[in-house]
Structure formats: C-alpha cells, structure tokens
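Me: I'd like to go through this structure with you and ask where the labels come from. Can you show it to me?

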Amino acid sequence: MRLYDAEDFHPYPRANISLEIVRLLVGDRRTCRFTKPLPDLPLELWLEIFQWSTYVYGATTIGGMDPFILQRSPRDIMGANTPIVSMRTKCALVLVCRSWRRIAIQILYQHIVIRSPSRAALILQVLRDSYSDKSNYGYWTRHIEVFTHARGSSDIRFLQTLFRIFQYCPRLRMLSATWRVVIPREFLTAVSTLYGQTLQGLNWDEQKHSLEKTHASLDFLASYRSLRILDLRNFVGDSILDREGLSTATLPSLNHIILSTRGYNIAVATSLDLPALHTLTIQSLIGTDKNNLIALLLARHGALLTTVHLPSPSSGSPETEPSQLRSPSQHIPPSLFLTPNVCPNLDTISFGSNSPPYTFEPTSMELHAHPSLRRIALLSVRADALYPSKGPNETQTHLRSFTRRAYPQLEMVRTAGFLVDADSDTLTRDVFIWWTQRFERDGVDLQDGEGVVWMYGDDVEENVKPPKSLVVR
C-alpha cells in the first residue's frame, strides 16, 4: 500500500506525447481528415502543452539529473521522449497552423545541436534568413551544444561559422562544447566578450580527446560573470598548476559546480573564489583517486556547501550512470563530506549504495555525525541487497547508519532510481516495508525512487506474517 507520495515536483516528469499523439489530435495532413475540433485554449496553455510533449532532460540545462526528482514506474506502452522523437514532434507542431507555428517555433529553436560543419552552415543560413525577414529564430535559442568529432571541425572556418551563429543568438543561456583540437585564444576572447555578462551555464569539455594543454585559463572562466552552473569534468586549461603566484579568479554568481576525478579540474575549482556556491557534484572515474585534492577543495569551499552529489563511478561517460555496481574503493568516500566541521551547513547528500560506509562513533566532543543533514539519496540500490538475511553488505550498513542519533535533523532517506512497483521480485515490497518500519520507529521517512513511503494497510497488518527471507538469524 502506498502511504503517500512526496510533494516534490518537476515541471515535466513524464514527457510521453509523441508525433502519433499530435496526429490523433490535429489529424493527418496527408488525408486532411480531422478526428475532432481543436480545444479553444489560450496560447499560453498550448505553449505549456507543447513544452511538456517535447521535453527532453538536458535540453534546457547542463546539470545532471537531481536524484530527488521523482521517477515514475512505466505504466504505458510509450516511453519517455528521446531527442529524435522530440524533434519530430516539434517539426510536426510548427506545420499545424499559423497560431501554433508562432508558439511552437520558439520550442523548435530553443535547443540547437551542432554536430558538423555542414550542419553549422545550414543553421547559420536559417538564422540569417529569419533575421532578415524579422522572424529572428535565434531570439528563442537558450542552449547550444557543439561537437567537433566530424571531418572539417578543426578548420578555422568552422569556428567562424560558430561565432556567427552565436551572434544571432543574443539570449543564449547554456553553452556546451566538446573540443578535439586546441581552440585559438582569439576565439575564446570573442566568445567571452559576447556572452560574458549573460551566459548562465557553461560545459567546457577538452579532455575526451586527450588534449594536454589549451588556451582556456582561469581568466577565461572568470569572464563569465553571470554563470550559475559550471561543468569542469573534462576541463584541461592552460597548465595553471605550473604557474606561481596565481591570482584568484572570482565567479560571483556561481551556485553549482560539476567536477570529476580526472585531470586537474578539482585544483581549478579550488583556485576559484565562489562566494555563492551551494551545490557540488563530483563524478568518480574508474582508476582515479583524488581524495587529497577533494580534501583541499572542501577546506576552501566546504563551509558554503548545502548539497553534495556523488554519482556512481563511471568508466568515462559521466552523463550516464552505470547499471553495474562498482567496488567500494572506486567510490568517493562520503565520509569526506560527513566528517564533523568539514561541511557544517550540508543539508542534502547523495552517493552510491556500494560506497565505503561511514559509521560514526559519538564522543564527548562530537555527539553527532552531522548536525544539519536532512536528506540522503542512496544510488544504485538493488533488491537483493535489501534482504536482511543476506547481509551484511554496504547497502545495509548504510541504511543502518542513517539514524537520528547520528543525524538529529534527518527527515528523509530515498533509494533514488529504485522503484518498488517496477521490481520483478515478488518479495521486494515486503522487504522494503520492513526497512520502512525500521526507519519509522526513528522518525525518518524511507522513500523509493517514486517518493513513495510503503506501508501495510490497517486491514492487512494484523494478518500479515513476514516472509522467511526477512528473518534475521
């Protein structure tokens, strides 16, 4: 029985409307037959509907998926939107009628992906023509992604085309770029001059193609004065660690920084002055160990942090979380952040269920592990690791350590990504309820990935008997 759903809300949690739904609603243009008249709705409502039907996570932000965003069990034959399905739907919407075109065109050009010089040339031509006839499609662009793996991407003419595209997109807010060649310093200066006061998100990827040194510097990063989120997971830079007397660069508005254990990006973040920082994400990569640099980072910025995300280790693709469990030694230890006085204002933390457990022993000087922590998300939880009779393991050790004695302000523990309703094991619900009751006695909510607290109903609680697999010997 579902006791209640969490009150967290995400604007477009399930974007399931595809091109087929659009055809059912407005008819098929090839046959000119319409199933029903269109609802008489204000254009503002149509815009909300279109945004929901074409939503793809990552189109409007460069931040990773928040583990506290509610997930839903698949209950329909249509999955979540993919970039291809979303683009097909957008192209269908702008062909329905003039009024729909006026509001759907801004969604069509909201997110532009440039994968090759030929596509860049076509995008530039469209933006230039729209500017000439006063349509100005670039006005609606908020996020541009640039990839340089195609032939001809190292040509200076490609960079010139990119910059002309940027000039037609004055309201750009997110810029993601993956470079396989060293970008000229003049191009960096031109981009930072154009967007230095308006850009809010920057993902600068120089590491995937093994660049050892680039022209991007601390001054280049600091030129974006309005940045809210900065992704440095694959940042290389201009060997700033080799310089002495390095002056501190300041990003006054940055509140979320994304790092990895690859390269020197942690040292770069330590060198930055970030007065508004409150969220830190660190992606652990297999075969790397940067715990000493993380300790220096926390010594500099730990007092500012209220939210820390430690995704499960990756083999080199930080955008996707691996399905297989990694050994504890490959995880970033949560104890680095939960140790008393390191992050005194920490409110939320997420980490892998297979990460090294942190067991706190109270002393006369330190009565609690962390006095302000309220929310914990446990990632990569598996049903077989929850059976009490199959312990002890890292998952169970973590769950048993989440107590009010160690964390007096703790309110919620969530198994992010683990959906009880979607698990094929028939005993998963009983096992999860066993843990829920354990947390309930301590005044803490245990929620699955849907934000559901699972409990037995009053009519069955008296007659239910725990399965033999739950008996702890």
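Me: Why is Ser-380 called buried?
Reply: Buried means under 20% relative accessible area, exposed means over 50%, and partly exposed is in between, with a 1.4 Å probe and protein chains only. Ser-380 has a relative accessible area of 16%, so it counts as buried. Ser-380 sits in the loop between S13 and H12, and its phi is positive, about 60°, although it is not a glycine.

Me: Before we go on, what kind of model is this?
Reply: It's a predicted model, where local features need pLDDT of at least 70 and side-chain atom pairs count only at pLDDT 80 or more, while totals for chains, interfaces and linings use all residues. Residues are numbered from 1 along each chain as its sequence is written, and side-chain values use heavy atoms, leaving out hydrogens and water.

Me: Why is Asn-136 called partly exposed?
Reply: Its relative accessibility is 21%, so Asn-136 counts as partly exposed. Asn-136 also has a positive phi, about 55°, without being a glycine. You'll find it in the loop between helix H5 (117–132) and strand S3 (143–147).

Me: What makes something a helix or a strand here?
Reply: Both are DSSP runs numbered from the N terminus: helices are H or I with at least four residues, strands are E with at least two. The protein has 14 helices and 16 strands.

Me: How do you know that S12 and S13 pair?
Reply: Two strands pair if DSSP finds at least two bridges between them. S12 and S13 have five bridges, in the parallel sense, with Ser-350 opposite Ala-377. S13 is also joined to S14, running parallel, by three bridges, and there Ala-377 stands opposite Arg-414.

Me: What makes the crossover from S13 to S14 right-handed?
Reply: Picture the strands pointing away from you: if the path from the first strand over the helix to the second runs clockwise, the crossover is right-handed. The chain goes from S13 through H12 to S14, and this β-α-β crossover is right-handed.

Me: What makes S13 mostly covered?
Reply: Five of its five residues are buried. Arg-375, Ala-377 and Leu-379 are on one side, with Ile-376 and Leu-378 on the other.

Me: Why does one side of S2 and of S15 lack a neighbour in the sheet?
Reply: The open sheet has twelve strands in the order S2-S3-S4-S5-S6-S8-S10-S11-S12-S13-S14-S15, with parallel pairing. Strand S2 (111–114) and strand S15 (445–447) stand at the edges, each with a single partner strand, so one side of each has no neighbour in the sheet.

Me: Are the faces of S2 covered or uncovered?
Reply: Both are covered: His-111 and Val-113 on one side, and Ile-112 and Ile-114 on the other, are all buried. S2 is joined to S3, running parallel, by four bridges, and Ile-114 has Val-146 as its bridge partner in S3.

Me: How do you know that Arg-375 lies over the face of Phe-68?
Reply: A charge sits over a ring if NZ of Lys or CZ of Arg is within 6 Å of the ring centre and within 35 degrees of the ring normal. Arg-375 lies over the face of Phe-68, at 4.1 Å from the ring centre. Lys-390 likewise lies over the face of Tyr-387, at 4.6 Å.
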